[in-house]
Amino acid sequence: MKPSLHQPLFFFFLATVLPLILTVHSQSDDSDFIRTSCNTTLYPDLCFSSLSSFSSSVHNDPALLARAAISITLTKTLDLASYLANITTLQPESQDDGAHHPTAAAVFHDCFDNLKDAVEEMKGSMKQMRELVSTGSLESFRFQMSNVQTWLSAALTDEETCTDGFKDIHDEPRKDDICARVDDVKKMTSNALALVNRCVDKAIH
């Protein structure tokens with residue numbers, strides 16, 4: 001029996017076109033997983049835009065996605081803390097302006113201290129997520145994840161305390177910029193916490 005003229009085309013399809021189709025389909029599934037997960041957060045668009053590049057590495061795993069969210073939030077917070085450190089070193093710390101109102105310098109220092117605490121809490125969350133193992137015990141998993149939830153909640157509180165300090169500060173040209181930067185970090189922390197909560201819910205149900 002003579003080989004069909006269509007056979008070379010068929011094998012070409014298997015060797016080149018089909019893998020591309022499967023890859024695009026896989027990437028679409030991964031992207032859909034991130035989009036669906038992000039829809040459970042308070043800031044879904046920010047969530048998706050910041051995590052979409054991880055679509056091929058999280059493998060539809062809620063724990064890996066939550067870990068990625070904590071990681072990028074930690075990086076963002078470290079960058080902001082470094083930015084604030086440069087500001088605080090340029091001005092002496094003073095507790096009040098003589099009328100028992102906090103000065104801008106004091107608020108900058110307090111905000112920096114709060115962000116340092118938030119960084120440590122996020123590092124604790126990342127450490128716990130890296131050590132997260134499937135032991136077969138739901139109780140153990142809940143305990144590990146409750147640590148992550150507690151640390152992220154504390155980080156969010158520290159970030160809110162930072163911006164609260166600026167409420168009584170007026171005529172400070174960098175106030176709006178700093179508050180906007182901290183707000184971005186707060187939103188990312190909130191999203192990371194929501195994805196951790198989703199991870200727990202998925203494991204329980």
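Reply: Ala203 counts as partly exposed, because its relative accessibility is 40%; the class lies between buried, under 20% relative accessible area, and exposed, over 50%, with a 1.4 Å probe and protein chains only. Please keep in mind that this is a predicted model, where local features need pLDDT of at least 70, side-chain atom pairs count only at pLDDT 80 or more, and totals for chains, interfaces and linings use all residues. Residues are numbered from 1 along each chain as its sequence is written, and side-chain values use heavy atoms, with hydrogens and water left out.

Ala203 sits in helix H6, residues 175-204; helices here are DSSP runs of H or I with at least four residues, numbered from the N terminus. Leaving aside residues up to four places away in sequence, Ala203 touches Leu138 and Phe141, a contact being heavy atoms within 4.5 Å.

Rolling a probe the size of a water molecule over the atoms shows where empty space is left. The structure holds one cavity of 30 Å³ or more: on a 1 Å grid over the protein atoms alone, a cavity is a set of points where a 1.4 Å probe fits but cannot get out, and lining residues have an atom within 4 Å of a point. The volume of the largest cavity is about 60 Å³, taken as the space filled by probe spheres set on the points, which are joined across faces, edges and corners. H2, helix H3 (62-88) and H6 each give its lining at least two residues. Among the lining residues are Leu46, Cys47, Ala69, Ile72, Met188 and Asn191. By type, the lining of the largest cavity has eight nonpolar residues, three polar and no charged; Ala, Val, Leu, Ile, Met, Phe, Trp, Tyr, Cys and Pro count as nonpolar, Asp, Glu, Lys and Arg as charged, and the others, Gly among them, as polar.

Now turn to H2 itself. In this helix, residues 44-51, you will find Cys47, Phe48 and Leu51 buried. Seen down the axis of H2, the buried residues fall within an arc of 90°, so they line one face of the helix; the arc is that of the directions from the helix axis to the C-beta atoms. Asp45 and Ser49, on the other side of H2, are exposed.

Conventions. On a 1 Å grid over the protein atoms alone, a cavity is a set of points where a 1.4 Å probe fits but cannot get out, and a pocket is an open set with protein on both sides within 12 Å along at least five of seven lines; lining residues have an atom within 4 Å of a point.
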